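Here's a walk through one structure, taken a piece at a time. Keep the model open and click along as you read.

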Amino acid sequence: MLVSVKVETLVLFGATGDLAHRMLFPSLYNLHLDGLLAEALTIIASGRSQMDRAAFHAQVRAALAEHLPEDRLDADGTDAFLARIDYCAVDAGKGTGYDDLAAMLGDRLTRPIGVYLSTPPSMFGPIAQGLAAAGIACAECRIAMEKPIGHDLASSRDVNEQVGSAFAEERIFRIDHYLGKETVQNLLALRFANMLFEPLWNAQAIDHVQITVAETVGLEGRVSYYDGVGALKDMVQNHMLQLLAIIAMEPPASVSATAVRDEKVKLLRSLRKMTEADVRAHSVKGQYTAGAVKGEAVAGYADELGQPSNTETFVALKAYIDNWRWKGVPFYLRTGKRMPQRKSEVLIQFKPVPHNIFARVGAPKLDANVMVINLQPEENIRVKVMAKQPGLDRDGVKLRDVNLDVSLSHSFAGERRRIAYERLLLDFIEGDQTLFVRRDEVEAQWQWIDSIRDAWAAIDMVPQNYTAGSWGPSASVALIERDGASWDD
């Protein structure tokens, strides 16, 4: 769905920050180099620091050299890209610099403007209000914000109200960069472009679903943000629930932004809220202690933080979706820091065949089919199926599971794998909201997360320790194994 014509000016707040240097400018450069940005598009970068255009260009040039492969760097292309960029200092905390920004925009204020907020979430509302006061929140203007939107339902509504008073909802783009990943988008194609899977995508054929997002890193300089937030809010509330929504939602009428997001909202609202009894039985909180990751000794969370903390760095949950399609099917969610390996994957565990016809001829047990969708670091889809082992079968039929492996990097060899932000930035510039999160989605996610946080607080649930380099507390293993299943480690 295109909400309007392409923006002609992209204003980037937080342009001197880490995300802008690592992801946003390299992504914009790639789009520029591939001829996907209109010649008239101007980028106005903004940060708190006072500097001239040349000094900021030097920062961007260094960021491109550091974060892009050498074969993408082109001297003429870099010069042409930098020629698009101006710099205007705005101190959003003090509310100064907006008039200077409006003056720099000049007559471009009468044409479509896109404002991208790569700033702390606490600044979303004040920046939107500052833009409105300076006359920059025009009818053809749109705004994009990085997650998280608030820290609970109430604060999320406050942010949405502040931003919504300056920009219409159809011009607000809430970003979850996971939705820009090629494999996440491929989930839609996998489910709704293949008759092979969709008829089985329900409680009659599926035993359970696992979603794992594991990180090897610890705080990595995010001390001020992470402590007090924790894994539930940092990862489950956004990335994992968005994955869950795409995996489990009903078929949309089309791939339009409205149709897809309507179905995601319905799914999120069907998540069963957790009570105190539920979180005792169906949730695990953990915090890593000193250990080793990839052969290197690492400190514990409290040691990195410099003081004791009750913030969880690991969460495992057993969730239920109360609708016809998924009645009784458990969804196991697991995320943590300082895990043995970095990976994001979805596992679909199918039920076994109703009757084993091979039991009397040497194959007393058949393994149920499994689909594993890897999102990172590798992007592939594997389906485990039973196959007959070659032979004359004089001692009985021998069956074993084999993998049908679809590697996206091999299947589409020669096509460059794009950074998720390339797609999201281009969609923002063009006004396509399909891969962005709507307000009612965000609030439905927070309602479920708040039910867990409130129940944890009511029973004073504290994190269990786990050694860095392990797969989390032993209680997370028990969480799934008492149902007769196992995590895919």
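**Starting from helix H14**

The buried residues of H14 pack against E1, H1, E4, E5 and E6. Before going further, note that this is a predicted model, where local features need pLDDT of at least 70, side-chain atom pairs count only at pLDDT 80 or more, and totals for chains, interfaces and linings use all residues. Residues are numbered from 1 along each chain as its sequence is written, and side-chain values use heavy atoms, with hydrogens and water left out. The H and E labels are DSSP runs numbered from the N terminus, with helices (H or I) having at least four residues and strands (E) at least two. "Buried" here means under 20% relative accessible area, with exposed being over 50% and partly exposed in between (1.4 Å probe, protein chains only).

The buried set is Ala-420, Tyr-421, Glu-422, Leu-424, Leu-425, Leu-426, Asp-427, Phe-428 and Ile-429.

Now for the aromatic rings. A pair of aromatic rings is described by the distance of the centres and the angle of the planes. Rings of Phe, Tyr and Trp (its six-membered ring) pair if their centres lie within 6.5 Å; planes under 30 degrees apart are stacked, over 60 edge-to-face, and the rest tilted. Searching the whole structure turns up 13 aromatic pairs. One of them is Tyr-116 with Phe-428, an edge-to-face pair at 6.2 Å centre to centre with 75° between the planes. This pair links distant parts of the chain: Tyr-116 sits in strand E4 (residues 113-117) and Phe-428 in helix H14 (residues 420-430), 312 residues apart. Tyr-116 counts as buried because its relative accessibility is 2%, and Phe-428 is buried too, with a relative accessible area of 0%.

Phe-173 and Phe-436 make another pair: their ring centres are 5.0 Å apart and their planes sit at 85°, so this one is edge-to-face. Here again distant parts of the chain are linked, with Phe-173 in strand E6 (residues 172-175) and Phe-436 in the loop between H14 and helix H15 (439-459), 263 residues apart. Both Phe-173 and Phe-436 are buried. Elsewhere, Tyr-226, Tyr-288, Tyr-301, Phe-314 and Tyr-466 form one aromatic cluster.

Back to E4, and on into the loop between E4 and H5, where you'll find Ser-118. Is Ser-118 buried or exposed? Ser-118 counts as buried, because its relative accessibility is 13%. Contact means heavy atoms within 4.5 Å. Leaving aside neighbours within four places in sequence, Ser-118 is in contact with Leu-12, Phe-13, Gly-14, Leu-19, Ala-20, Leu-24 and Glu-146.

Next up is H5, where Phe-124, Gly-125, Ile-127, Ala-128, Gly-130 and Leu-131 are buried. Their cover includes strand E1 (9-13), helix H4 (98-105), E4, E5 and helix H6 (153-164). Just past H5, Gly-135 takes a positive phi of about 75°. Ile-136 lies in the loop between helix H5 (124-133) and strand E5 (141-146). Ile-136 counts as buried because its relative accessibility is 0%. Not counting residues up to four places away in sequence, Ile-136 touches Tyr-98, Leu-101, Ala-102, Leu-105, Leu-109, Leu-131 and Cys-141.

Last stop: H1 and its helix partners. Axes are lines fitted to C-alpha atoms, for helices over the stretch in contact, and angles run from 0 to 180 degrees between N-to-C directions. H1 packs with helix H2 (residues 53-67) at an angle of about 90°, their axes 9 Å apart. H1 and H2 are therefore roughly perpendicular to each other; that label covers 65 to 115 degrees, while under 35 is roughly parallel, over 145 roughly antiparallel and the rest oblique. In this contact, His-21, Arg-22, Phe-25, Pro-26 and Tyr-29 of H1 meet Phe-56, Gln-59, Val-60, Ala-63, Leu-64 and His-67 of H2.

The axes of helix H1 (residues 18-33) and helix H3 (residues 75-82) come within 10 Å and cross at roughly 110°, which makes H1 roughly perpendicular to H3 as well. On the H1 side the contact is made by Phe-25, Leu-28, Tyr-29, His-32 and Leu-33, and on the H3 side by Gly-77, Thr-78, Ala-80 and Phe-81.
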